[in-house]
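Let's take a walk through this structure together, one stop at a time. Keep the viewer open as you read.

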Amino acid sequence: TSTPAAPTGVDVEYVEEKLDTLDPSMLDFVDIFQRFKNLGQNMPANPAEQANRYLPPSYSDDEEKEEEQKDPATGKKLSKKRLRQLNRLTVAELKQLVARPDVVEEHDVAAADPRLLVYLKTTRNTVPVPRHWCFKRRYLQGKRGIEKPPFVLPEYIRKTGICEMRGAIQDKEATKSLKSKMRDRMRPKMGKVDIDYQRLHDAFFRFQTKPKCSIHGDIYYEGKEFEVKMRQRKPGELSEELKIALGMPV
C-alpha cells in the first residue's frame with residue numbers, strides 16, 4: 001500500500017490549549033507556559049540565529065574585566081571580584097544565621113552557599129575535608145629527612161619462629177662464595193624453610209589479632225603519630241607523675 005502524499009500549499013494553524021488558571025495546582029506553572037506561548041511568531045528566519053537564540057552569552061576574560069561598576073561613594077570602578085567580596089557575609093553574620101556557629105571557619109564565607117556548607121559540615125557521619133587543603137606548604141613536606149622505621153611482623157606471626165628460620169638461612173647464604181650463589185640461582189633448592197604447617201595454620205586462623213584501624217571520618221594529618229593518645233586515661237584519675245609534678249602526696 002502506498003502512503004498518500006501530503007498536500008502542498010496548505011497552511012497548518014496550531015490551536016493552543018487554554019489552561020485552567022482556576023486550578024490551584026496550575027498557578028505555579030502559568031509563567032512557565034507563557035514563555036512557550038506563540039514561539040513560532042517570534043522565531044528568526046535565519047537558522048543560525050535560531051540556534052544562537054538559545055545559547056547563553058559567552059564572555060571572555062577581557063570582557064569580564066571591562067564589565068565593572070562604579071562605587072557610588074568614591075566614584076571608582078569596582079571589579080567583579082571586589083563586588084563579590086563586598087556582597088559576602090562576615091564570619092560574625094554567618095554564625096548568627098546557622099544553628100551550629102562553633103563549626104564556622106573563616107574561609108566558609110567564600111563558598112557559593114555558606115549556609116548549605118555549614119549544614120553539610122554539621123550533618124552526622126560527614127567526613128571533613130583534610131585540613132592541609134588551604135596550606136601553602138606541600139602535604140607531608142615536614143616529614144622529609146625523617147628515617148622511616150622498618151616494618152615489624154605482627155606478634156602472632158613472630159611466634160611461629162619464621163623470623164629465626166629466615167635469619168639462619170640468610171646468615172648461611174652470606175658465607176657462600178659467588179660461585180655457589182650463582183649455582184643456587186641457576187638450580188635453586190626448594191624446602192629450605194621447614195615449618196610446621198599446623199602451627200602456621202593456627203597462627204592465622206586461631207591467634208590472629210585485628211590490627212589497629214582508625215574510626216570513620218578519622219583522617220591522617222601531619223604530626224598525628226606524635227600526639228598523646230588519651231584512650232587509656234580517664235578523667236578524675238591522676239597518675240603518679242602528675243601528682244609529683246603538682247606536689248601532691250603520692
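Which side chains meet in a salt bridge at 2.9 Å, N to O? In this predicted model, they are the side chains of Asp108 and Lys121. The pair ties together distant parts of the chain: Asp108 is in the loop between helix H6 (91-97) and H7, Lys121 is in helix H7, and 13 residues separate them. Now look at how the two partners sit. Asp108 counts as buried because its relative accessibility is 2%, under the 20% cut-off. Lys121, with a relative accessible area of 31%, is partly exposed.

By the rule used here, the count of salt bridges comes to eight. One of them joins Arg100 and Asp102, with the closest N and O atoms 3.0 Å apart. Arg100 is partly exposed at 40% relative accessibility, while Asp102, at 55%, counts as exposed. Another is formed by Asp202 and Arg206, where the closest N and O atoms are 3.9 Å apart. Here Asp202 is buried, with a relative accessible area of 13%, and Arg206 is exposed, with 58%. As a general point, side chains of opposite charge can pair when their charged atoms come close.

What about the greasy side of things? The largest nonpolar core has six residues: Leu94, Val98, Val103, Val104, Val109 and Val118. In soluble globular proteins, nonpolar side chains tend to be buried together. Val103 is a handy one to click on. Setting aside neighbours within four places in sequence, Val103 is in contact with Asp108, Val118, Lys121 and Thr122.

Last stop: the backbone. Most residues other than glycine have a negative phi. Which residues in the loop between H7 and H8 are worth a look here? Asn125 is one, with a positive phi near 65°, and Leu140 is another, with a positive phi of about 60°. Asn125 is found in the loop between helix H7 (114-121) and helix H8 (155-158), and Leu140 is also in the loop between H7 and H8. Asn125 counts as exposed because its relative accessibility is 53%, over the 50% cut-off. Leu140 is partly exposed, with a relative accessible area of 30%.

How values were computed: Residues numbered from 1 in each chain as written. Predicted model: local features only at pLDDT ≥ 70, side-chain atom pairs only at ≥ 80, totals over all residues. Heavy atoms only, no water. Core = buried A, V, L, I, M, F, W, Y, C linked by side-chain atoms within 4.5 Å. Buried < 20%, exposed > 50% of the residue type's maximum accessible area, 1.4 Å probe, protein only. Contact = heavy atoms within 4.5 Å. Helix = DSSP H or I, 4+ residues; strand = E, 2+ residues; numbered from the N terminus. Salt bridge = Lys/Arg side-chain N within 4 Å of Asp/Glu carboxyl O.
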